[in-house]
Amino acid sequence: MSEDWIEGRNSVREALRSEVTVECLYVLDGCEDGPIKDICKRAKKQGIRVDFVEKERLDQYSNTGKHQGVMARIAAYRYAEVKEILEKAEEKGEPPFLFLLDGIEDPHNLGAIIRTANLAGAHGVIIPKRRAVGLTSIVAKASAGALYYTPVARVANLKATMEQLKKEGLWFVCADMDGEIMYHVDMKGPLGIVIGKEGEGVSRLVKEHCDFVAQIPMAGDIDSLNASVAAGVLGYEAVRQRRGMN
């Protein structure tokens, strides 16, 4: 079992009561006794996903073999609040520069994007709570230490967060092949770069909330880039523009 797991009914119940950030519960399929029902009820009240799985899967994750039909996957690092990211930009006297990730599921991609965000001078990263990877130890390792310096906020609704950030003066650009060539898109000022899910891109509803759609020019035989590579390319075009480079 990795450091990202808590197992056993009492341990999971206490984790839900504490300040530990629980990403997801895995519960033995068909187990519906009182303690399990109480744990599931607490989790759902907190907006935590509950997955019902076979015993073999719990046994695979368990280190002690005494999971008692329930395990919790927890965040390896603390999540920031969106306002903390904006405050960081204000402290530096810079227009906010954020990466928003629409459903990234590969922890290596998330870690690589956090690393890129840090090196590009972004003030933080925003990810959704559902259908996306959280801050696991694999993400931390893939970020090569950038997670220690780059705040990551996790929000219930990415679209609603974008609308709120628009009120703070931010505008958003997403990467998509149907957009304008990225060199022609103004990426100066308060900016959020939106990167979509691996293999699928930015979802329709999130794309509709973007102010601009930027196309990364490609001349090869395939038609898409890895999500973390796309974040790097678009992010450094923003760096070029924001620093006034030709």
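Okay, quick definition before anything else: buried is under 20% relative accessible area, exposed is over 50%, and partly exposed is in between. So arginine 49, at 30% relative accessibility, counts as partly exposed.

Keep in mind that what you're looking at is a predicted model.

The C-alpha trace spans about 65 × 45 × 30 Å along the principal axes, and 48% of the 246 residues count as buried.

Now, charges. The count of salt bridges comes to 17. Back to arginine 49: who's the partner in its salt bridge? That's aspartate 51, with the closest N and O atoms 3.2 Å apart. Aspartate 51 is partly exposed too, at 22%.

Next one: glutamate 84 pairs with arginine 78, at 2.8 Å between the closest N and O atoms. Here glutamate 84 is partly exposed at 27%, while arginine 78 is exposed at 59%.

Then lysine 197 and glutamate 200 meet in a salt bridge at 3.7 Å, N to O. Lysine 197 is partly exposed, with 21%, and glutamate 200 is exposed, with 62%.

There's also a network of salt bridges, linking Arg13, Asp38 and Arg42.

Last stop, the surface. Asp29, Glu32, Glu54 and Glu56 gather there in a patch of negative charge. Glutamate 56 sits in helix H3, residues 55–61, and is exposed, with a relative accessible area of 58%.

Notes
Residues numbered from 1 in each chain as written. Predicted model: local features only at pLDDT ≥ 70, side-chain atom pairs only at ≥ 80, totals over all residues. Heavy atoms only, no water. Patch = residues over 30% accessible without salt bridge, like charges linked within 9 Å, V, L, I, M, F, W, Y side chains within 5 Å. Areas by Shrake-Rupley, 256 points an atom, 1.4 Å probe, with all protein chains shown as cover. Salt bridge = Lys/Arg side-chain N within 4 Å of Asp/Glu carboxyl O. Lys, Arg positive; Asp, Glu negative; His and termini not counted. Charge placed at Lys NZ, Arg CZ, Asp CG, Glu CD. Helix = DSSP H or I, 4+ residues; strand = E, 2+ residues; numbered from the N terminus. Buried < 20%, exposed > 50% of the residue type's maximum accessible area, 1.4 Å probe, protein only.
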